[in-house]
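Q: I would like to learn how to read a few features of a model, one at a time. Please give the general idea and then the case at hand.

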Amino acid sequence: DEQYLQWKKLIGLENANLPALDSLSWWVVEDDDVQANHSERVPTKSNLNPSLNQWNSQIQIQNHMNLPRNLTYIHVHKCGGTSIQSAMYRRARQIRNTRFRTHDNDDTTEKPVTLMGVANMHTYKHSYGGGSREKKEKWDKERLGHIRAIANTQQQSQSSSNQLFPIFTVVRDPIERFLSAIQQVMHYPASDFREKCLYEPPQSPLSSFLSKGSKEESEAHLRRQTIQCAIQDMEETNYRRDVHLLPISSHFRLLDHVATMDDDEEAIRRDIAVSVFSMEDIQDVLLHLGNNNDLAQDDGTTNSSSKKSTIHARDRSNVKYATSSILAKLSSNDCDEEMIQQICSLYHVDVELMKWLGFGGESVEKCE
């Protein structure tokens, strides 16, 4: 409709550079098979046609792991992505270090079998920033191939109660995300954005004589100027074509009407189902990815020393990190009503997305 076409024109909903994806896949093989193929860590041919008892063991293991065999995360920047990516890589290492003791039952004997976890992580990079055209085209091709595989597998699993290839992401209140993105992008070394829009206190010997109240009022005014300049800059530079500043919705552009083969008029197109979580619930997501339940070892013991999943967050009030007392304290409290509505307008598509998902937040409450 008209609104969609407007969003498409303003923020590039069909931007070929996005999204960035992190994919985790895992399986189990007999320990001897892994030792023999440790360089490639792939299952042998005999494992591709398991017996009924082996299938039962696989099902029991998957229930124990409480994790889909194939899982993909859409990395929306400034929405806890580093924490989630780290948790997935950590979980992959955990799986590789896990042994399972099962029994291979047949008509005549029952013998113990040791199975070993195998896990692969792959990051499909976005195509923004530096790099050659050939490299970006390679990344785009790899990313699209993975997305098509998800579309095909999800279609096959529609008749089953099990989702064979789930894909998920985390989103954040657009106002909070915008202010956090300003802090990060202005933190870049030699950033022209920082030079253009960061208003800092003048370095003057007289500033030390200002009262605490006068100093706080002066810094609050500088924060407002910084945010106002950033808002105007987004309009002038198309969000600086920076993944941290681009609207959340632009990260989903490849997931609608996915062609199951090379694009042509007769290709079957499918929408990919995505599980979306709020940033407010990220701790629950991390706990599930980290599987903090103790894992059984091959000697019957458990390993409770695995590292817990934690949120990767920088203390923005730390001036040393922010490199500026102004950036360290940016918040929506520095914005007047007009500025809030300007941010709402910049991220209108994301505000509507949050409302449609049923999530709350400052933007849902304040945006007209």
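Q: How many residues does helix α6 have, and what distance does α6 reach from its first C-alpha to its last?
A: Helices are DSSP runs (H or I, at least four residues), numbered from the N terminus. The expected span is 1.5 Å times one less than the number of residues. Helix α6 (residues 174-185) has 12 residues and reaches 16 Å, close to the 16 Å expected. This is a predicted model, in which local features need pLDDT of at least 70 and side-chain atom pairs count only at pLDDT 80 or more, whereas totals for chains, interfaces and linings use all residues. Residues are numbered from 1 along each chain as its sequence is written, and side-chain values use heavy atoms, with hydrogens and water left out.

Q: Why is α6 described as largely enclosed by the rest of the structure?
A: Buried means under 20% relative accessible area, exposed over 50%, and partly exposed in between (1.4 Å probe, protein chains only). In α6, 11 of the 12 residues are buried, so the helix is largely enclosed. Among them are Pro-174, Arg-177, Phe-178 and Gln-184.

Q: How many salt bridges does a search of the whole structure find?
A: A salt bridge is a side-chain nitrogen of Lys or Arg within 4 Å of a carboxyl oxygen of Asp or Glu. The search finds 10 salt bridges. One of the pairs is Arg-240 with Asp-192, whose closest N and O atoms are 3.2 Å apart. Arg-240 lies in the loop between α8 (212-237) and β6 (258-259) and Asp-192 in helix α7 (residues 192-197), so this pair ties together parts 48 residues apart in sequence. Arg-240 is partly exposed, at 22% relative accessibility.

Q: Which side chains meet Lys-196 in salt bridges?
A: Asp-233 forms one, with the closest N and O atoms 2.7 Å apart. This pair links helix α8, which holds Asp-233, to helix α7, which holds Lys-196, across 37 residues. Asp-233 is buried at 0% relative accessible area, while Lys-196 is partly exposed at 38%. Glu-236 also meets Lys-196, at 3.0 Å from N to O. Glu-236 is in α8 and Lys-196 in α7, so the pair ties together parts 40 residues apart in sequence.

Q: Which residues are linked in a network of salt bridges?
A: The network links Asp-192, Lys-196, Asp-233, Glu-236 and Arg-240.

Notes: Helices (H or I, at least four residues) and strands (E, at least two) are DSSP runs, numbered from the N terminus.
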